[in-house]
Amino acid sequence: MKGYSKYFGGKLLWFSVTFVAAFLLNFILPRLMPGDPVAVITQRVTTGMTSQAGVQKVYEEYANLFGTNKPMYEQFFLYVRNVFRGDLGVSFSQFPRPVADILRSSIWWTVALQFPAIILGWIIGNTLGALAAYLKGGFDKMLLPISIFISNLPAFGLAIVMLVIFGVDLGWFPTSGGYGFDLIPNMSWQFVWSVIVHYQLPFWTIVLIAIGGQAIGMRSMAIYELNADYVKYARFLGIKDRKTIMYVFRNAMLPQITGLALSVGTMVGGNLVAEVIFSYPGLGQTILTGVMGQDYPLISATTLVITLMVLIATFVIEILYGFIDPRVKAAQAD
Amino acid sequence: MKHLLQQVFRSPKFLVGFVIFSLLLLFVLIYPLFVPDNPLGIIGQGTFFEPGIYVNAYDVIGTDPRTLMLDNAAANRIASKLSPADRTAMQEYLVAVGVDEEDIELEDTEKLLDLWEAYYDPAARPAGFTAAQRRYYGRLTNNLFGILSLESVVIAAENPETGVMEQIDEVKQSDYVNVNKVANVRWLPLGTDNFGRDVLTQLVSATKTSLQIGLVAGSIATAIGLTLGLIAGYVGGWLDDIIMFITNLFTVIPGIVLLILISFSIGQENRGAVTVAVVIGITSWVWTARAVRAQVVSLRNRDHVNLSKLSGHSVAHIIVNDILPYIASYVIMALILQISSGILAEAGLSILGLGPKTTEVPTLGLMMNWALIYSAHVTNKWWAWVPVIVTIASISFSLNLMNTGLDQVFNPALRED
């Protein structure tokens, strides 16, 4: 077990360091914003107020509330303390709603939409790519251009095309939202059904995007492996193709898993934009509202949550990889 | 070099990508010579005018008419006046008075009118129709036969001295005007957008800006990645450790998060197209750095590099003469991909409301953003968003095709037999 614990320990340490770095960036970057967000919110609250002293008082009140009148390092410690308590501050644009509350209502939409879709797309994409490499001929000739085409279309482009074809023209699925706008979230069948119906378009869009990217990668990987010496040697030995193929695909799969770990952040980013197209009530929409409302606590918290989400996903994939890759297993035997 | 270029252009994938990209570039460069309008100039009062040729109705009156006797003119005239709702209403009436529904063809105006003439009776009171509906049918019929009458339309203007309306012109039903003779004709091949701006002019300008953004972002990303990769790979030691630490850090922290944070911090007023490009560039060098380093590490101990070292060449000389030529093909391919992903990144940012400021130049992302905000995609205003997506997709498709083609030339293992 020593090899494994060393592997996991190393990974864990590395992810903690990354998280700290991401956390720091997350704190510093929005505070470089030239405008004064407190002034913006004060202006909104005090429209119609004529007393200058009154406006001044309101400004101080808000500056105090958001802690923007304190020195930077003090703000930082306050921020760290609050984040660990689960207090992400108060939203500017939806004042006085706490940011944590807004995120709680949107994060699960994104998690439940993206991760199953990416995993399913990864599985289908790899299967198709491996088949294309093995079968060659017509199947390959058909799959490759389609995959290249899909993976060249940006996520939002595919989202709009899907939305217009299946939502507007054919009218099979609703065009926006996560559930019917006339419903209030509850556990009734009507609501659950509405959620399922609204889920389809964004889900299959993300699956398609993932398939396009993975199939191409797996195809080149598998072609490379199929030409490797051990395959030729196995053929000389008279080992059945079916058996060799299993080894080939297992070997081709490993870089694909690493690839998934490395690209999960990019994929999530692209998919967030696709969510916006579908007005899906997830984190993409939250960012959009944050941007529109010049809401920096919300933006900063959302990006932190996205980073954390991607870090955890990457970490899980790398742990799984540790179990699958024979080289990590070999290290364990030392 | 010549041989290499020949080989590259013999790759069908590269060639197709190159041709698509060149055509696009050519169009972007030539179009402004013919239509030098301001791409953000608002020409239409109203939103989403359909694509087509807009002929100035005022100028048509003054233009010399020619008489053409065309058989189907009257039918066309009626067909264009009959809305789908009117047709359905006519069908309802005809069914009510006993016409078989199978015999009625809604699209065929001539047959529909024949049926109408045969069966419509203003005095009849078929069951199931209210008085208001009967009056509607009466009006509809009057309108239809009004169009069919052969009377001409009189055009009158007020005499400024007497204040009396005087006839200045008469337009007959058989009058035609040559479009070339009309003083003001504007062809809007892609209609106008939500602000009333010419979509095609805007699209051309947007494509140009987006390509520039891609080029700037790609060059910055490749330059940073190449420099860091070369230093880390060739110099090694603690520099390598530090650079790899930073690179690994930014591999895991999603690029979009940094993009969002930086773009948001810069603020809407300060975000020009170039700023956005620079931001995209400095957040997307990670992959190039990793790959360049990996290649340089494998090159570092080759014989020719060692020989160069023994001959006493400087580090810079070795890097330029013995390392760069071996990774040049890779760097060019990386640059192509970075350009394409830079354009996509700008579009994604714009959709999130973090694109360049909206007052200076249009970009493909901004056009997409406007189309989405004004729901062009849900309301069937295809001309506001389809051309944008097609342009983005063909840029990205052609660049990737070129990249794949190059890849096959430089990595023979990937070549198809």
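Student: Before we start, how should I read the numbering and the model itself?

Tutor: Residues count from 1 along each chain as its sequence is written, and chains are lettered from A, with ligands numbered from 1, in the order in which they are written. The model is predicted, so local features need pLDDT of at least 70 and side-chain atom pairs count only at pLDDT 80 or more, while totals for chains, interfaces and linings use all residues.

Student: What is the average pLDDT of chain A?

Tutor: pLDDT is the predictor's confidence in each residue, from 0 to 100. Chain A averages 82, and 93% of its residues score at least 70.

Student: How many helices and strands does chain A have?

Tutor: Helices (H or I, at least four residues) and strands (E, at least two) are DSSP runs, numbered from the N terminus. Chain A has 13 helices and 0 strands. Its C-alpha atoms fill a box of roughly 90 × 55 × 40 Å along the principal axes.

Student: How is chain A divided into domains?

Tutor: Domain bounds come from an automatic or database domain assignment. For chain A it gives domain 1 (7-103) and domain 2 (107-281), with 37 Å between their centres, taken over C-alpha atoms. In chain B, the assignment gives domain 1 (2-42 + 195-414) and domain 2 (60-183), and there the centres are 57 Å apart, again over C-alpha atoms.

Student: Where does chain A touch chain B, and which helix gives the most?

Tutor: Two residues are in contact if their C-beta atoms, placed from the backbone, lie within 7 Å. The contact takes 47 residues from chain A and 34 residues from chain B. On the side of chain A that touches chain B, α10(A) gives the most, with 10 residues. For residue classes, Ala, Val, Leu, Ile, Met, Phe, Trp, Tyr, Cys and Pro count as nonpolar, Asp, Glu, Lys and Arg as charged, and the others, Gly among them, as polar. By that scheme, this side of chain A has 32 nonpolar, 15 polar and no charged residues.

Student: How do I judge the course of α10(A)?

Tutor: Start with the expected span, which is 1.5 Å times one less than the number of residues. A straight helix of 37 residues would span 54 Å, but α10(A) spans only 46 Å between its end C-alpha atoms. Next comes the bend at a residue, the angle between axes fitted to the seven residues ending there and the seven starting there. α10(A) bends by about 50° at A:Ser263, and the helix is followed by A:Ser279, whose phi is positive, near 45°.

Student: And what about α7(A)?

Tutor: α7(A) has 15 residues and reaches 20 Å, close to the 21 Å expected, with a bend of about 30° at A:Leu163. Just after α7(A), A:Gly171 takes a positive phi of about 70°.

Student: Which residues of α7(A) are buried?

Tutor: A residue is buried if 20 or more other C-beta atoms lie within 10 Å of its own, exposed if 12 or fewer, and partly exposed in between, with C-beta atoms placed from the backbone. Buried residues in α7(A) include A:Phe156, A:Ile160 and A:Leu163. Their cover includes α6, α8 and α10 of chain A together with α14 (315-351) and α16 (382-410) of chain B.

Student: Is A:Gln190 buried or exposed?

Tutor: A:Gln190, found in helix α8 of chain A, is exposed because it has 12 other C-beta atoms within 10 Å.
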